[in-house]
Amino acid sequence: MNATIAISFAVCTVLVAVVSWYKTRSINLKSVSGLFLAGKNNSYLVVAGSLLLTNLSANQFIGENESVYINNLSVMAWGVTSVVAMLLVSELLLPIYFKGGMATTPDFLADRYDEGTKRLVSIIFLLSYVVNLLPPVLYGGAVAMTGMFDLPTWLGVSYWQSIWIMVWVLGLVGSFYTIIGGLKAITISDTVLGGGLLIIGVCLPWFALRALGEGNVVSGVTQLLTKHTSHLNAIGSQSDAVPFTTLFTGMLLVNIYYWGMEQYIVQQVLVAKNLAHAQKGMALAAAGKLVTPVLINLPGLIAVHLYPGIANTASVFPMLAANTLPSALLGMTAALVFGAAMTTYNAGLHGSSTLFVLNIYKPYRQKRGDRPTDAELVRVGKRFEIAISLLAMITAPFILFAHSGFYTYLQKVAGLFSIPIFTIVVVGLLTRRVPPLAAKIGLLFFMAGYLTCEYIVNVELHFLHVLAILFGVTSLLMLTIGKLWPMQRREPSLPDLQITLTPWKQRHWVSVLLVLTMLGLYVFFSRWGVVKG
């Protein structure tokens with residue numbers, strides 16, 4: 001391995017760790033508020049950086065570039081159209097969360113339905129993290145690091161062995177960082193890494209385009225915009241990974257759930273100083289999602305020209321970075337990909353611990369008549385993080401043997417856990433008549449229906465359309481139960497809060513600007529723009 005690459009990687013990684021330690025040294029990590037809620041004092045800049053970096057994982061670098069290389073830019077919809085969902089969450093859901101003083105997403109469900117619904121949803125969340133978040137994040141990071149450092153050659157091991165090594169390195173470092181530093185360390189490191197990713201977001205396309213243009217960036221851009229332009233098309237056909245019609249059905253639901261109900265994402269917003277900082281941070285993160293095509297997908301487009309006919313398409317991103325970036329920047333890129341993988345892993349690990357301690361363990365102890373101390377809850381939370389981290393590290397390498405569409409497969413499995421929860425939250429917001437029984441039946445009905453449609457019966461529909469149809473059917477089922485057996489009226493118990501609930505005044509015109517920019521991107525990457533033929 002080039003010494004410059006190794007030194008650059010080490011310097012960048014240590015720098016992030018030192019800054020995070022310095023910024024969190026005054027936080028009391030022996031209290032529940034300090035460890036799980038970061039003291040609820042984050043500014044909008046920290047919230048935005050944390051949201052972007054928690055969302056950004058090595059899975060996206062690997063999976064989306066692979067999809068762009070195989071299909072086209074239709075995959076950018078996962079990032080770009082999330083702007084609409086983020087703005088809706090900011091306007092409609094965040095005020096409810098802040099007014100209720102909620103620390104976890106299921107807290108709302110306990111307030112709206114009952115404690116049984118809250119526990120059931122907490123268990124579903126935990127299952128989704130253990131099955132479909134933590135192992136894939138470790139695997140994606142391992143694939144990226146193995147490719148950029150050419151670990152099999154450097155270490156003299158097989159590709160399979162190098163994946164095992166990197167999974168355990170990522171898992172051990174991520175676990176140590178989360179357990180020692182708490183949520184505040186995660187959010188601070190997110191912000192620092194965000195600045196580095198902006199640098200790489202410019203540098204990697206620049207050097208890759210220069211390689212494409214044989215030393216001339218303008219020539220590289222010209223080739224990119226005039227040759228193989230079908231890959232520039234963001235309007236997906238029915239045969240593409242993301243058909244355009246799904247943007248108006250299942251994808252909108254998935255994105256609203258992700259940005260407004262996914263525990264490890266919502267937790268990054270709920271630690272804001274107040275509602276205005278939370279909304280401003282969400283808007284700034286939405287602006288960041290509009291540059292996703294440059295940051296994540298442009299390398300895949302360039303690789304179409306530089307490396308036609310790649311057999312292992314998952315290696316598109318690490319191959320391009322390794323072959324076009326100078327050694328110092330390659331080391332920095334590796335450090336940032338390493339950090340992005342760790343960030344999502346850390347947030348998922350921490351979100352799992354928060355759910356287990358606050359929604360399952362603590363209520364269980366209180367039901368027995370015990371009053372667990374903060375020190376005990378923190379200790380249990382850290383032990384739980386260690387247990388699920390070990391489980392993730394053991395299972396992650398076996399994802400190598402999943403032969404069908406890694407990134408699309410992850411999204412399909414995520415739908416099994418996410419949209420059932422989204423459905424009962426939406427129905428709960430719309431009416432108070434629906435009882436807790438309807439929520440429990442709705443969850444089980446949706447999950448059983450989705451499993452049947454996707455894995456038992458061959459339904460000729462894109463999985464995002466299936467999710468949208470089941471959302472409608474399940475909602476009608478819950479409303480019917482509510483009409484037949486309406487819930488007894490009860491007022492929600494809202495705590496006396498010492499937090500400002502004044503919304504951000506500039507949010508509406510900023511929202512209009514963000515949506516217009518999103519529409520402009522779709523026009524540009526279509527037959528009305530750069531796509532020819």
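Trainee: Why does Phe-98 count as buried?

Mentor: The term buried means under 20% relative accessible area, exposed means over 50%, and partly exposed lies in between, with a 1.4 Å probe and protein chains only. Phe-98 has 3% relative accessibility, so Phe-98 counts as buried. This is a predicted model, in which local features need pLDDT of at least 70 and side-chain atom pairs count only at pLDDT 80 or more, while totals for chains, interfaces and linings use all residues. Residues are numbered from 1 along each chain as its sequence is written, and side-chain values use heavy atoms, with hydrogens and water left out.

Trainee: What makes Gln-279 buried, and which backbone oxygen lies 3.0 Å from a polar atom of its side chain?

Mentor: The relative accessible area of Gln-279 is 1%, and therefore this residue is buried. Gln-279 belongs to helix H15, residues 275-289. The backbone oxygen in question is that of Ser-90.

Trainee: How do you know that the span of H9 agrees with its number of residues?

Mentor: The expected span is 1.5 Å times one less than the number of residues. For the 16 residues of H9 this should give 22 Å, and the end C-alpha atoms are 23 Å apart, which agrees.

Trainee: Why is H9 described as largely enclosed by the rest of the structure?

Mentor: Of the 16 residues of H9, 15 are buried, so the description holds. Just after H9, Asp-150 takes a positive phi of about 50°.

Trainee: Which other residues have a positive phi, and are they buried or exposed?

Mentor: Most residues other than glycine have a negative phi. Glu-214, not a glycine, has a positive phi of about 55° and sits in the loop between helix H11 (159-212) and helix H12 (217-226). At 76% relative accessibility, Glu-214 counts as exposed. His-228 has a positive phi near 50° and sits in the loop between H12 and H13. The relative accessible area of His-228 is 47%, so His-228 is partly exposed.

Trainee: How many disulfides does the count give?

Mentor: A disulfide is a pair of cysteine sulfur atoms within 2.5 Å, and by this rule the count is zero. Cys-203, at 18% relative accessible area, is buried, whereas Cys-453, at 22%, is partly exposed.

Trainee: What makes a space a cavity, and how many of 30 Å³ or more does the structure hold?

Mentor: On a 1 Å grid over the protein atoms alone, a cavity is a set of points where a 1.4 Å probe fits but cannot get out, and lining residues have an atom within 4 Å of a point. The structure holds two cavities of 30 Å³ or more. The largest cavity has about 610 Å³ of space. Among its 31 lining residues, the closest to its centre are Leu-133, Tyr-258, Tyr-264, Gln-411 and Ala-414.

Trainee: Which helix supplies the largest share of that lining?

Mentor: H20 supplies the largest share, seven residues.

Methods: On a 1 Å grid over the protein atoms alone, a cavity is a set of points where a 1.4 Å probe fits but cannot get out, and a pocket is an open set with protein on both sides within 12 Å along at least five of seven lines; lining residues have an atom within 4 Å of a point. Grid points are joined across faces, edges and corners, and a volume is the space filled by probe spheres set on the points. Helices (H or I, at least four residues) and strands (E, at least two) are DSSP runs, numbered from the N terminus. A polar contact is a pair of N or O atoms within 3.5 Å; within protein, one must be able to donate a hydrogen and the other to accept it, and residues adjacent in sequence count only if both atoms are side-chain atoms.
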